[in-house]
Amino acid sequence: MNYPVWQLGFPGGLLIAAVAVLHVFISHFAIGGGAYLVLTERRAYSQNDSELLGYVRHHSKFFALLTVVLGAVTGVGIWFTIGLVSPEATSSLIHTFVWGWAIEWVFFFVEIAAALVYAYHWDTLDRQTHLIVGWIYFVAAWASLVVINGIITYMLTPGRWLETGKFWDGFFNPTYWPSLWIRTAMAVGLAGIFGLVTAMWEPPALRERVVRWAGWWLVLGIAPLLPLSRWYFHDFPSYSRAYFSGMYPQVRHALLGAAVCTGVALALALLFALLRPKVMNPVIVAVLLVAGIGVMGSGEYLREFSRYPYVINSYIYANDIRIGQVESIAASGVARTSPWVEGSAADPRADQRHYGRQLFALECGSCHSVDGYRGMRKFARGWDAKFAGEILLHLPVVRETMPPFAGDAHDRAALGSYLASLAPAIPSGTNDKEIGQQVFAIHCAMCHSVGGRRRPLDLKGTDPEAIAGMLGTLSDINPNMPPFTGTDAEGRALAVYLSNSSQ
Amino acid sequence: MNLPIPYPDPMPLPAPVWLLRTLLLLTFFLHVLFMNCLLGGTAVALVCTVRRKSSAFSVRLAGDLGRLLPSVFAFTITLGVAPLLFLQVMYGQFLYASSILIGVPWLAIIGMVILAYYGVYFFSMNLSTTNRHEKKGRTTVVLALVVLLLASIAFVYSNNFTLMLAPERWLDLYHSHGSGWNLNWSEPSLVPRYLHFVLGALAVSGLGLVVMGLRQQEDAYRQWLIEQGSLLFTGTTLLNFGVGFWFLVKLTGPVRLAFVGGNAFATSLLGVGMLLPLAAVAHLIMAKAHKSPKRQLVVGVSCGLLTVAVMVVMRDVLRNLALAPYFNPNQLPVAPQWGIILLFVVLFIAGLATLYYMLRKVAIATRVQAAAAQKLQ
Ligand code: HEM
């Protein structure tokens with residue numbers, strides 16, 4: 001409301017996710033890889049293994065190139081992106097944690113300098129000093145995780161901060177520790193993948209040694225993930241734990257994806273890195289790499305999804321509207337709250353649909369597109385303006401992941417008429433049951449299912465007349481239900497459909 | 001007219017304005033120095049690779065720059081992050097709004113930085129690994145692209161940092177292109193401001209060449225570097241007097257007035273900012289005639305760097321003057337987080353010490369190696 005909306009044509013959350021997954025992958029890899037390089041270097045010295053030393057040396061340059069450039073710049077990229085997509089929330093984060101970020105910046109600075117010195121001064125520095133620089137790199141990289149982890153977890157579980165507003169209450173919040181150790185374990189695992197990828201360039205004898213060594217990293221990184229995730233999940237806010245109860249197919253799929261990727265990675269690591277390192281080849285390594293990205297990606301997705309409908313839990317909604325603002329916007333209307341919308345819903349001369357489209361961008365666009373991801377046209381098929389205006393009163397009932405609509409009656413009417421214009425359709429069919437099924441899809445299916453998990457309706461055998469009568473009283477049955485806005489004929493068809501369908 | 005200026009964040013500032021401003025200006029000064037050396041340095045490297053056939057020193061300088069520029073790039077970015085942080089705390093409501101309005105070019109900066117960064121690495125690695133001619137041709141092309149990318153990045157920055165000062169233009173841009181495909185073309189001072197920065201960058205990289213020369217043992221190359229650097233600084237700085245004047249003329253009335261007498265601080269900054277570069281130029285020219293020019297050169301370079309510092313402060317004064325009708329950060333509520341600020345200061349010092357430790361180790365080891373190599377000869 002306070003800021004203009006960047007109208008990308010697809011949900012801004014998707015853009016954040018794209019930049020974030022890339023960055024998260026590289027930055028965790030940068031942490032674990034640091035430890036991997038120094039420990040491998042030390043191993044090479046203590047075993048007097050000049051081949052192994054040549055290997056670390058060679059790949060340290062590639063490592064620096066990847067982390068210093070892509071890792072660092074994509075980090076800046078996330079920051080740019082969240083500022084564009086959620087300025088209100090970004091501003092809030094910056095005000096709360098600017099000194100946390102300033103501290104992270106110190107580590108970032110040391111990290112980059114150490115990476116450059118480490119990679120480019122093998123010949124200049126003596127062994128001891130070179131190892132120390134490597135450790136400096138690793139410690140600085142991990143320390144920046146220690147800092148940023150506090151800010152990331154705060155968004156999901158701000159904990160006591162909500163009452164006290166104190167830095168440390170937000171920082172050491174309920175999910176701080178499990179998240180820190182999960183991320184550390186991931187970093188160790190990714191270091192193993194880095195080891196395997198780089199090993200593929202080496203001659204067979206050395207390759208085998210490196211594969212086994214890197215395999216340990218991989219296994220060590222993956223093994224604790226399951227117990228750590230349980231601990232993490234245990235401290236999730238209770239509202240979002242409900243998302244994992246099977247109601248949301250996307251959550252089920254992401255969980256399954258994470259489990260499969262972890263399992264595959266662990267099995268491959270045990271089999272082809274520890275037991276049969278000779279067999280390890282670029283194809284298996286590629287599978288491991290993809291599995292690694294899969295684990296990271298689904299983990300990030302679940303964390304983001306669990307935060308819905310908020311961007312900062314119980315403080316700012318994902319559409320960048322402050323919780324405390326919703327009531328005042330409902331009282332005064334969007335046009336009087338946001339200087340960025342053109343026209344006004346109260347003005348009868350204004351183009352209502354144009355105004356409604358702006359409201360869509362403002363309140364729904366961060367999660368929904370029109371035709372693409374979570375496309376609204378498909379969700380609003382067959383809606384009439386009255387029904388659309390009604391359903392806007394119940395968005396958190398439709399999905400717990402959605403913030404309430406913020407606006408007055410004019411705003412709802414305008415957004416409703418825009419939504420209804422997306423895919424107007426009149427139910428058609430050869431018999432009442434067919435028509436009834438479509439009416440159900442239009443008017444009830446966003447909240448109910450027949451034979452599904454979401455608020456299942458089982459009215460089989462009930463007298464259609466009774467059902468049709470009940471349709472006139474839906475809001476009395478439960479105030480969370482919008483009144484039925486279909487025609488009498490549609491109501492009768494719906495009643496026939498319901499009385500003939502069951503679990 | 002009702003301007004769509006977002007209200008500032010309801011949370012109080014986590015530190016007093018003087019502290020935030022000091023850190024903003026300090027880190028931004030460092031960012032500018034590195035950014036200038038990067039922008040100017042890649043341009044110089046480009047000229048050197050083009051002239052490689054006719055000048056042996058050019059080949060050598062390209063090599064030296066190839067070794068330096070990747071690190072300069074890394075520090076440009078790292079030192080850009082800090083001012084962005086402090087800027088957002090103090091002026092967030094202006095910066096977020098203007099960034100969104102030019103969202104596409106603004107986010108494209110990230111892609112351009114990555115590409116330019118890899119381009120610089122490409123240049124750097126090709127220098128050390130091959131000497132074949134075809135590769136050199138490719139290096140020239142890559143370098144030219146890098147210069148173009150860096151110049152474009154700088155242009156987007158100039159757009160955003162002028163647009164954030166002009167809320168009267170926001171609604172039009174938003175309603176014409178809500179998708180963020182905008183630039184701040186209708187800003188009268190955009191082009192002179194940008195040129196002023198770019199010429200300044202070339203000038204500062206000239207100073208960089210002088211410093212490289214001063215650290216050089218071999219006489220002829222040293223002489224050449226100092227000469228080329230002085231020439232670059234002098235030429236671009238004289239041009240920049242003209243561009244600076246153009247910039248001043250294009251500022252909005254009240255802001256311009258402040259700089260020409262209306263505001264004592266702004267006016268004296270402008271005065272000092274014009275005298276310092278003159279002093280720098282004078283010393284660099286005097287050094288030419290001198291037998292042991294080191295002192296003159298050091299004074300000249302210092303005056304040049306001081307000029308940059310003054311310009312950084314002037315830029316901040318300009319911003320505050322332009323925003324004065326709408327906003328003054330001094331009026332925001334403040335609730336300093338002293339404990340964490342202290343932690344930051346401690347860690348910052350520890351970080352500097354670590355940095356010093358590493359660079360010193362490298363310097364010592366390099367010297368020892370150079371001495372050993374000399375003995376061998
Ligand atoms: C790598 C190439 C870069 C170039 C060529 C560059 C160039 C510039 C230029 C020309 C300006 C001044 C614009 C004006 O006032 O008209 C500027 C300001 C600024 N840059 Fe950079 N920049 C680069 C990278 C970055 C990065 C990566 C960041 C941050 C993450 C950054 C942060 C800033 C900030 C915060 C300012 C403004 C500070 C203030 O207004 O006080 N820069 N940059």
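A polar contact, as I use the term, is a pair of N or O atoms within 3.5 Å; within protein, one must be able to donate a hydrogen and the other to accept it, and residues adjacent in sequence count only if both atoms are side-chain atoms. Hold on to that for the ligand.

First, the ground rules. This is a predicted model, where local features need pLDDT of at least 70, side-chain atom pairs count only at pLDDT 80 or more, and totals for chains, interfaces and linings use all residues. Residues are numbered from 1 along each chain as its sequence is written, chains are lettered from A and ligands numbered from 1 in the order written, and side-chain values use heavy atoms, without hydrogens and water.

Now the ligand. It lies between chains A and B. Near means that a heavy atom of the residue lies within 4 Å. There are 21 residues around the ligand, and B:His31, B:Ser158, B:Arg193, B:Arg315 and B:Arg319 come nearest.

A polar side-chain atom of B:Arg315 sits 2.7 Å from a ligand oxygen. For the side chain of B:Arg193, an N or O atom is 2.8 Å from an oxygen of the ligand. B:His31 pairs instead with a ligand nitrogen: its side-chain N or O atom is 3.0 Å away.

Over to chain A. Is A:His368 buried or exposed? Buried, because its relative accessibility is 12%; the cut-offs are under 20% for buried, over 50% for exposed and partly exposed in between, with a 1.4 Å probe and protein chains only. A polar atom of the A:His368 side chain lies 2.9 Å from the backbone oxygen of A:Arg374. Contact means heavy atoms within 4.5 Å. Leaving out residues up to four places away in sequence, A:His368 touches several residues, among them A:Pro11, A:Phe360 and A:Met402.
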